[in-house]
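Here is a structure to walk through step by step.

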Number of protein chains: 2
Amino acid sequence: MTETDYIKLAHGGGGQLTRELVEQVILPALGGPQRPGKLADAAVLAAFGSAGTDGQAGRLAFTTDSYVVQPLVFPGGDIGKLAVCGTVNDLAVSGARPMAMSLALVLEEGLEIGLLRRVLESAGRAASQAGVAIVTGDTKVVRRGEVDGMVVTTSGVGEVPPARELGFERIRQGDRIVLSGPLGLHAMAVMSCREGLSFTADLESDCAAVNGMTEPLLEKLGQDVRFMRDPTRGGLAAALVEIAVATGRDVEISQDAIPVNRTARAAAEMLGLDLLAAANEGRIVAVVAAGAAGRAVDILNKCRQADRPAVIGSVGPNADSPLVEMLTAIGGRRIVQMPYGEELPRIC
Amino acid sequence: MTETDYIKLAHGGGGQLTRELVEQVILPALGGPQRPGKLADAAVLAAFGSAGTDGQAGRLAFTTDSYVVQPLVFPGGDIGKLAVCGTVNDLAVSGARPMAMSLALVLEEGLEIGLLRRVLESAGRAASQAGVAIVTGDTKVVRRGEVDGMVVTTSGVGEVPPARELGFERIRQGDRIVLSGPLGLHAMAVMSCREGLSFTADLESDCAAVNGMTEPLLEKLGQDVRFMRDPTRGGLAAALVEIAVATGRDVEISQDAIPVNRTARAAAEMLGLDLLAAANEGRIVAVVAAGAAGRAVDILNKCRQADRPAVIGSVGPNADSPLVEMLTAIGGRRIVQMPYGEELPRIC
């Protein structure tokens with residue numbers, strides 16, 4: 001990427017182009033010691049404060065996301081709820097218990113106070129439900145036309161309890177892939193709303209905090225939970241390809257095993273989009289030890305947030321060119337690729 | 001403020017209207033337990049982790065700010081350096097040692113990669129100089145015209161050492177007000193650049209991390225430092241009025257004592273702006289015990305970042321309607337008011 005190149009929409013899609021921008025421009029420019037090394041959902045910092053009497057100290061998890069979703073209010077959520085849930089979720093899948101959040105606003109001159117209030121009330125409710133406090137914030141205003149409605153940026157800090165260790169390096173051959181519910185509801189709800197698809201009236205974003213699922217999993221399965229991710233931009237496809245690349249192992253999933261929302265599937269077909277690459281905002285994908293997969297599904301089945309959770313695949317052996325393969329419903333095999341840069345701007 | 005009102009530019013100015021928006025709309029909407037109580041530069045959270053062998057644990061400070069400055073590159077800095085320094089400074093004046101930062105980008109389609117790289121390199125250098133690591137981030141892209149160049153949002157976490165207590169409630173009658181350098185250089189550099197004032201060629205923003213000043217002050221003066229603030233939007237005027245209102249005490253400053261940058265003063269006169277209300281991005285105002293004021297100035301004089309630091313005033317007795325008064329250079333008295341909402345959008 002040269003100096004005379006320009007930012008394209010696909011640079012923000014969460015796929016291959018986003019990765020290139022981050023790896024070739026952003027990280028090298030930020031430079032040296034202060035580089036966001038692992039591209040994880042949240043950075044887990046060294047122990048903070050002094051160790052307790054047991055000699056163990058919690059670690060601090062820290063994450064941030066900017067939200068630019070259009071429309072600002074969509075079926076099942078709005079930019080406020082989305083921003084809070086997104087940050088809670090990045091902490092949760094890192095094994096952290098959310099402690100506190102910040103919320104920074106960039107507002108367009110002319111924005112209705114009523115809409116701002118609605119969005120913030122929604123953010124407040126979402127924070128309260130997730131058990132996290134919004135403790136600091138910022139408000140900027142720009143001229144009409146200089147931003148589209150509003151940008152909301154949330155950051156969050158959480159504590160990772162001493163015994164919790166999650167990471168690509170803990171994934172083993174034979175581990176199972178568990179998914180908490182059907183794919184693409186967030187992307188399809190937002191896109192249907194934008195495109196005015198009438199048959200999708202009952203389609204709502206899955207936008208929700210996932211710490212109600214991650215906590216019971218981690219509490220009950222302990223070290224048998226190897227790794228978790230919330231498959232947002234780039235969807236399940238991006239999450240699985242990242243796992244394959246980072247572990248150097250093949251990953252295999254079965255299409256039949258993936259829970260389906262029929263309306264989301266119809267919307268995806270109508271819009272020409274792939275649900276595997278579509279954004280979710282209330283799902284988790286967890287890699288767990290083979291022997292714990294059944295219990296993981298049982299635990300998720302008791303969570304209000306899960307919807308037909310299932311074991312959808314497994315981690316294979318080491319490979320020179322690790323691949324994600326999907327056994328299709330009609331008995332074929334499809335290679336699941338990292339989305340290049342989905343064609344869905346401003347989905348979150 | 002009713003539902004049918006609209007956001008005005010002045011809501012983002014850091015003055016009276018910003019305060020009304022935050023107090024009447026944002027905080028009530030976010031609601032209940034998760035309210036950013038004290039409107040401080042950073043929230044200081046309860047002790048994190050276990051207490052050490054001395055029974056004392058550090059506290060976590062947490063802050064966020066979105067940056068929308070135009071132009072993106074200005075004399076003395078750019079949006080990247082500004083975003084990093086701004087967050088470091090919010091932590092520093094809260095008594096925290098910066099530990100880690102996040103950096104979230106919203107980029108406009110069509111932005112030059114070269115400009116993005118320049119801004120991020122500057123952010124990386126600023127972070128490195130301030131001794132803090134950028135550990136996590138996010139990148140979103142919106143269509144051309146949907147944001148103006150870029151929005152940068154930084155958040156920061158820092159540790160407040162056990163013995164440090166800063167706050168309005170620690171301010172006493174007779175305490176002195178110490179200022180680290182001349183006012184308004186950031187605002188005047190940005191505005192001069194926008195307005196094309198040629199005689200201001202040597203005017204540079206004061207944009208810099210202030211932890212090189214706050215740390216020696218706190219280390220050497222301890223509890224004699226009562227309170228600190230970095231006077232950004234709303235300037236020294238907003239900072240002093242906040243002190244008067246929060247403590248219920250009059251505050252008096254002397255115009256003659258305030259260090260002056262002649263070019264900034266000339267630019268302010270030309271543009272019809274008040275330096276007292278103009279944004280600074282590398283200054284601190286500190287309230288210190290009367291007996292420590294001289295030492296505070298001595299300490300600041302050894303800091304590269306300070307420029308003719310001075311005792312500029314003092315805290316008076318309790319008052320029913322506490323006021324900030326300035327003894328003017330010609331011997332009069334002027335009441336310093338909270339700026340309503342400065343007429344300078346996108347200064348930071």
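Let's begin with Arg295(B), which counts as partly exposed at 43% relative accessibility. Keep in mind that this is a predicted model. Arg295(B) forms a salt bridge with Asp224(B), and the closest N and O atoms are 3.8 Å apart. Arg295(B) sits in helix H8 (residues 293–301) of chain B, while Asp224(B) is in the loop between helix H5 (211–221) and strand E9 (225–229), so this pair ties together parts that are 71 residues apart in sequence. Asp224(B), at 27% relative accessibility, is partly exposed too.

Next up is another pair in chain B. The side chains of Glu252(B) and Arg333(B) meet in a salt bridge, at 3.1 Å from N to O. Here Glu252(B) belongs to strand E10 and Arg333(B) to strand E14 (residues 333–336), so the parts being tied together are 81 residues apart in sequence. Glu252(B) is partly exposed, with a relative accessible area of 29%.

Now for a pair within one helix. Glu23(B) and Arg19(B) form a salt bridge, with 2.9 Å between the closest N and O atoms. Both lie in helix H1 (residues 16–30) of chain B, four residues apart, or about one turn of the helix. Glu23(B) is partly exposed at 39% relative accessible area, and Arg19(B) is partly exposed at 25%. Over in chain A, Arg19(A), Glu23(A), Arg229(A) and Glu242(A) are linked in a network of salt bridges. Over all chains, the count comes to 40 salt bridges.

So what about a charged side chain that has no salt bridge? Arg249(B) is buried, and the nearest side chain of opposite charge, Asp175(B), is 7.4 Å away. You'll find Arg249(B) in strand E10 (residues 249–254) of chain B. A polar atom of the Arg249(B) side chain lies 3.5 Å from the backbone oxygen of Gly316(B).

Finally, step back to the two chains. How can chain A be laid on chain B? A turn of 180° with a shift of 0.0 Å along the axis does it, with an RMSD of 0.0 Å. The two copies are thus related as by a two-fold rotation axis. Of the residues of chain A, Val147(A) comes closest to that axis, with its C-alpha at 2.2 Å. And 100% of the interface residues of chain A are interface residues in chain B as well, so the copies meet through the same surface.

How values were computed: Residues are numbered from 1 along each chain as its sequence is written. Chains are lettered from A and ligands numbered from 1 in the order in which they are written. This is a predicted model: local features need pLDDT of at least 70, side-chain atom pairs count only at pLDDT 80 or more; totals for chains, interfaces and linings use all residues. Side-chain values use heavy atoms; hydrogens and water are left out. Copies are superposed by least squares on the C-alpha atoms of residues with pLDDT of at least 70 in both. Contact means heavy atoms within 4.5 Å. Helices (H or I, at least four residues) and strands (E, at least two) are DSSP runs, numbered from the N terminus. Buried means under 20% relative accessible area, exposed over 50%, partly exposed in between (1.4 Å probe, protein chains only). Lys and Arg count as positive and Asp and Glu as negative; His and the chain ends are not counted. A salt bridge is a side-chain nitrogen of Lys or Arg within 4 Å of a carboxyl oxygen of Asp or Glu. A polar contact is a pair of N or O atoms within 3.5 Å; within protein, one must be able to donate a hydrogen and the other to accept it, and residues adjacent in sequence count only if both atoms are side-chain atoms.
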